[in-house]
Structures are given as C-alpha cells and as structure tokens.
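Me: I have a structure open on my screen and would like to go through it with you, one question at a time. Shall we start?

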Amino acid sequence: MSHPHQKTINNLAQQIMAKLRERDAEVDEKFIKFMVHLLVRDMRLGLLKADLADPSKCKVHVFLTSIVASYFNPNDTTMANLRMSWIMKNGHGIQLCHVQETYEQQFQQELKLLIDDILRYPETCSKLQLDQLFAKMQVFIVASYHLGCPKNHVLLKLTAQALNSVIGRSDLQNYVLKKKYHRQEYLQRLAATVAGIVIYNNDGPDGDRENVRFVISDLEMAQRNTSAAFDKILERLKGLSGNCQTAIAEQLELDNAATMLHYRVPLEQLQRINQFTVTFIMLRRCLMALKESYEHTAYLVGVEKDRYDCVVAKINDTLAMRTAIDSELIFPHFVYLSKVWSTLNHYFNHIVELNKLREQLEMQVPQTMVQLADEIMAEIQVMSERRKVPHQRSYEERFSALNEFHTDANFCSLAEADIKEFCGLTLAVTNGLLLPAKVLRNLCHNLDIKFGFQDQTYARIGELWFEKFISALRQAIFNSANLCLLLNLDEKLIAKEMQSPVVEPPKKMDFQGQTELVIENDLSPANWINVTWNAWDYHRETIHLAEIRKCQTRDAQSKISYGQRNAQSQAYNTRQHM
C-alpha cells in the first residue's frame with residue numbers, strides 16, 4: 001500500500017512536467033518527482049497535509065507556478081540545492097571502481113571492430129595480408145594502452161620496432177594457424193609485452209615526449225590543477241558563507257537569561273540571506289566530498305608511481321652488462337609495466353571525471369547569485385538602521401510557531417546528519433537560521449547525537465527546555481527542503497513519506513500455532529457449517545463419531561435390560577441404616 005498522498009504528489013509531478021515541456025525544457029522525470037516530494041513539505045513553498053488531502057485549485061496553481069518559475073531562474077537557491085543533491089546522488093564518477101568499469105567497457109566496445117578485423121585473417125595468408133595484419137597489430141597496441149594517437153606515424157614506427165623484437169615473420173605466420181580463441185589470448189599477451197617495451201624505451205628525460213604519451217607527467221599536471229581548483233573554490237565559499245552568517249548574526253540577539261529573542265529585521269527577511277548561506281555551505285560540502293575522493297586517488301597514484309619506478313629499475317638491472325637475455329626472464333617485467341601504465345590511466349580518468357562533477361556543481365552557483373546575495377545583505381542593513389527599537393519574542397513563542405506544521409520524519413535520523421556545525425538553539429528559536437557553533441554538547445544519553453551551540457549558556461537552555469527545543473528543531477529541519485538537502489536527510493524523509501499508514505495492531509494476538517485453512521470444494525452458504533480453518537477439528541470430530549458409534553445400544557441389549565436399569569449395581573440400605 002502506498003502513501004495516501006502519493007496519488008496527489010504524482011499528479012503534481014505530471015502537471016509540472018507538462019508545463020516544462022510546453023517551454024521546451026529538458027525534463028528528467030525522476031528529478032521532477034524527487035523535487036516535488038521535497039518541496040511539497042516545505043513550510044514556505046509547499047502545501048500542508050490538509051491541502052494534500054483535499055487540494056484546492058488555487059493553492060495547487062500557486063505551488064506549480066512557483067516551481068516552474070524557480071526551475072528557469074538561475075539565481076533560485078532552492079533549485080540550486082536540489083540540482084546539487086541530484087548531481088551527487090547520480091554522479092557515479094565519484095567512485096573509482098565505477099569509472100574504471102565504465103571506461104573499460106566503452107573502450108572494449110570501440111576496440112571490438114579492430115579485434116574482429118585482426119582475427120578474421122585466414123590460415124593461408126599472403127605476404128600482403130601478413131603486412132596488413134602486422135600494421136593493424138601496431139594500431140591495436142597503441143590504442144589499447146593509450147600510448148598516443150594511433151595516426152602518429154612516428155609512434156607507429158616505434159611500436160613496429162618493438163613488435164619486431166618480439167614476433168618475427170615466421171612467428172606471425174604461425175600466429176594465423178592458431179585457433180581463433182587462442183589468437184585473441186595471444187594478441188592480448190603480445191600487446192602487453194610490446195606496450196611495456198615502448199613505455200620503457202621512452203621512459204626518462206630522453207624519451208620521445210612529442211610522439212609517445214607519458215602518463216606520469218599528465219597525472220602530475222592534472223593533480224596540480226585539480227588541487228589548486230579545489231582550494232580556490234573552497235576558500236571562496238568559506239568566505240561567502242561567513243559573510244552571510246555575519247550579516248544574520250548582526251541582526252539577532254539572544255538573551256538566554258530572560259529567554260527572549262531580539263531582532264531588528266523580521267525573521268522572514270533574514271531568511272532571504274539564510275537561503276544563500278545554505279546554498280554556499282551545501283556547495284562546499286559537495287566539493288569536500290569530491291576532494292576526499294580525489295585525495296584518495298592521489299594517494300593511489302603515488303603508490304602506483306613507486307611501482308612504476310621499481311619495475312623500471314628492475315628492468316635496468318636485468319639488462320645491465322648483458323648483450324643477450326632470455327625472453328622468459330625479461331618479458332614478464334614488460335607485461336607488469338604495461339599493467340601499471342593501465343592503472344595510472346584509470347586514475348587519470350577518475351581525476352578527469354571528478355573535475356567534470358566539480359564544474360557541474362560550480363555551475364549551480366553562478367556569479368549573479370553571489371551578486372544578488374550582496375545586494376540583499378546591503379538591503380537588510382538599510383532596513384535595520386531604520387528600526388530603532390528591536391522586536392522581542394520569547395523562546396516559548398518561537399518554539400510554538402511551527403505547531404501548524406507536521407512531519408512524519410523520525411528524530412533519530414538526525415544522528416546520521418552533520419548538525420554539529422550549526423548552533424541548534426538559534427536554529428530552533430529562529431525556525432531555520434544557520435549560525436556557526438563553537439561548543440558541542442550531547443543532550444541525548446540514549447542517542448549519539450552531538451548538538452552545536454554558540455556557548456555554554458545556549459547549551460544550558462537546550463538542556464532545561466529539552467522537549468520543546470527538540471520538537472522545534474525537528475520541525476524546523478524536516479519542514480525545510482533546503483535544510484533537509486543540506487543535512488542529507490532528503491532520502492530518509494521521502495522514504496518515510498512513501499511508507500504505508502500505520503495500522504493499529506489488534507488487541508487480541510494470535511500466536512499462529514494452528515494448522516492452515518482447509519478448503520472444501522463446495523463453499524456455498526449452506527455448507528459453511530462443514531468448513532473449518534483447523535484440520536485437527538476434523539480429527540476430533542472423527543474420534544467423537546467413533547465413540548458415539550461404540551456406545552450405541554443394540555436390540556438384544558434393550559430387551560434384556562428393559563425395566564432393569566443398573567440392576568446389578570443398585571444397593572438397598574436396611575432399616576437400621578435409615
């Protein structure tokens with residue numbers, strides 16, 4: 001059974017997709033449904049549960065219009081957060097194993113035509129056909145191990161020299177006499193050996209860098225550029241989010257002694273700055289996840305470089321002071337060198353994919369969004385100067401401000417969210433404003449959840465008002481699509497929404513110790529008396545009928561005992577016993 005509001009949500013998603021297609025926009029059905037599931041629960045943009053149960057045309061029209069408008073607005077922070085979250089969920093390029101499998105599969109499909117062309121030569125090949133086969137082997141070796149451009153005649157000449165040192169004309173004639181599956185296996189081993197020879201011959205400062213690719217120098221350049229790009233954008237985002245949080249903190253004053261909140265600008269106006277804070281912090285968190293994956297790959301690159309140097313040194317030692325050497329002694333080193341080369345290529349591809357994801361994420365926060373944030377902060381500063389006497393609200397009033405909103409999400413889900421970075425009390429009192437935390441405190445003894453606070457007085461209020469604080473914090477987080485995306489709680493919220501409604505258990509429980517239901521052929525109402533759900537009832541009925549049959553009297557017994565019931569067992573007391 002699906003959620004009772006699932007049909008309404010699906011209808012909203014279909015209407016949004018129809019409106020987007022009318023504007024010739026590319027529509028991803030899964031993304032639209034993901035977006036609707038989150039935005040429909042947002043306290044500012046979404047619909048209440050009462051509206052979902054019986055949606056009115058006016059409220060639905062406002063909801064749909066706002067989503068379509070934000071979809072085409074590049075400066076909309078909520079849509080940027082949704083797209084960044086979707087990129088991270090579907091960006092499989094962050095996983096090294098997935099990148100390796102994908103590239104390998106695509107490359108094998110591209111090489112399949114060339115491999116089939118090599119394997120099609122008959123056993124009775126002419127000299128011209130053998131020359132063609134030799135040339136195609138060169139192209140296959142260069143393409144298989146990414147040694148450079150297969151059209152480069154200098155690279156093909158170097159590959160031909162290495163190939164001649166491994167397989168001669170007579171060996172090539174013997175190659176076409178092999179079975180087809182033996183040919184392919186031999187071709188793979190031959191390519192690994194020849195590629196290792198080409199890599200070794202062009203290693204070091206004297207190598208032909210113009211024609212033969214050197215993957216180690218490519219990796220070094222990619223690592224320098226990637227590290228610089230990550231450091232630059234992360235430092236910039238840290239400054240942008242810090243400026244937004246400072247602008248919010250200047251307009252708020254929390255009096256923990258009197259449990260009063262003072263603010264010069266309405267909190268809804270501060271939410272305009274807070275939405276940029278959420279977007280900048282979310283982008284920084286996404287980039288930090290990419291950077292962690294990149295640093296892991298960079299470590300593996302360092303390990304593989306050491307292996308490369310070790311293999312080259314081993315080959316140098318083997319070839320030193322020798323004019324002739326057995327192929328069985330040296331060829332395995334070339335094969336291993338080509339394998340290390342392929343691994344380094346996979347690491348290079350992973351770094352390329354990480355940079356593609358980084359660029360996609362950065363595109364969600366354009367420079368115009370940063371300029372808009374600066375304009376709003378300046379506008380808020382002007383509004384605060386006009387207000388001489390600040391507004392005052394008690395903590396209790398602010399805690400109860402979200403009572404009209406409800407959420408089915410479990411508070412225990414916060415144990416997996418990173419909420420230590422923000423002040424929990426400020427977030428609960430202001431219903432979603434993010435300010436940095438300086439103190440950590442574990443308020444739940446039965447759950448490993450650490451809350452952040454600005455100082456110890458804030459933490460003390462959280463302890464004294466624990467139930468109200470937790471309730472307000474839960475409502476503020478789970479009724480905000482931006483905060484759910486920032487804290488990576490969107491999947492848990494959607495999964496909770498998709499669950500079927502809770503059915504109250506019966507007051508009487510059946511321990512299910514009986515047998516299965518026995519069904520007779522004729523289940524008409526007249527025969528229901530003969531149907532039972534317990535097979536043992538039939539056994540008991542059979543025994544009962546047998547006992548009745550055993551106790552049945554006969555005609556002879558009736559005649560003999562007529563008028564003499566229990567005659568043998570009757571006793572009469574004498575007179576003195578009366």
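This is a predicted model: local features need pLDDT of at least 70, side-chain atom pairs count only at pLDDT 80 or more; totals for chains, interfaces and linings use all residues.

Me: Which residue lies over the face of Trp465?
Reply: Residues are numbered from 1 along each chain as its sequence is written, and side-chain values use heavy atoms, with hydrogens and water left out. A charge sits over a ring if NZ of Lys or CZ of Arg is within 6 Å of the ring centre and within 35 degrees of the ring normal. At 5.4 Å from the ring centre of Trp465, the residue over its face is Lys468.

Me: And which residue lies over the face of Phe230?
Reply: Here the distance to the ring centre is 6.0 Å. The residue over the face of Phe230 is Arg358.

Me: How many aromatic pairs does a search of the whole structure find?
Reply: Rings of Phe, Tyr and Trp (its six-membered ring) pair if their centres lie within 6.5 Å; planes under 30 degrees apart count as stacked, over 60 as edge-to-face and the rest as tilted. Searching the whole structure this way gives 11.

Me: What kind of pair do Tyr71 and Phe72 form?
Reply: Their ring centres are 5.5 Å apart. The planes stand at 75 degrees, so the pair is edge-to-face.

Me: Is Tyr71 buried or exposed?
Reply: Buried means under 20% relative accessible area, exposed over 50%, and partly exposed in between (1.4 Å probe, protein chains only). Tyr71 has 13%, so Tyr71 counts as buried.

Me: Which helix holds Phe276 and Phe280?
Reply: These two form a tilted aromatic pair, 6.4 Å centre to centre with 35 degrees between the planes, and both Phe276 and Phe280 are buried. Helices (H or I, at least four residues) and strands (E, at least two) are DSSP runs, numbered from the N terminus. Because they are 4 residues apart, Phe276 and Phe280 are separated by about one helical turn, and they sit in helix 12 (residues 267–319).

Me: What is the strand order in the open sheet of 3 strands?
Reply: Two strands pair if DSSP finds at least two bridges between them. Strand 1 (252–255) and strand 3 (391–394) each have a single partner strand, so they stand at the edges. With antiparallel pairing, the order is 1-2-3.

Me: Which residue in strand 2 is the bridge partner of Leu252?
Reply: Strand 1 and strand 2 (residues 260–263) pair in the antiparallel sense over 4 bridges. Asp255 stands opposite Met260 in strand 2. For Leu252, the partner is Tyr263.

Me: Along strand 1, which side chains point to one face and are buried?
Reply: Side chains alternate along this strand.

Me: Which residue in strand 3 is the bridge partner of Met260?
Reply: Strand 2 and strand 3 pair in the antiparallel sense, over 4 bridges. For Met260, the partner in strand 3 is Ser394.

Me: Which residue in the turn of the hairpin has a positive phi?
Reply: Strand 1 and strand 2 form this hairpin, with 4 residues between them. Most residues other than glycine have a negative phi. The turn residue with a positive phi, of about 50 degrees, is Thr259.

Me: Where does His146 lie?
Reply: His146 is not a glycine, yet has a positive phi of about 50 degrees. At 31% relative accessibility, His146 counts as partly exposed. Its place is the loop between helix 7 (127–144) and helix 8 (153–164).
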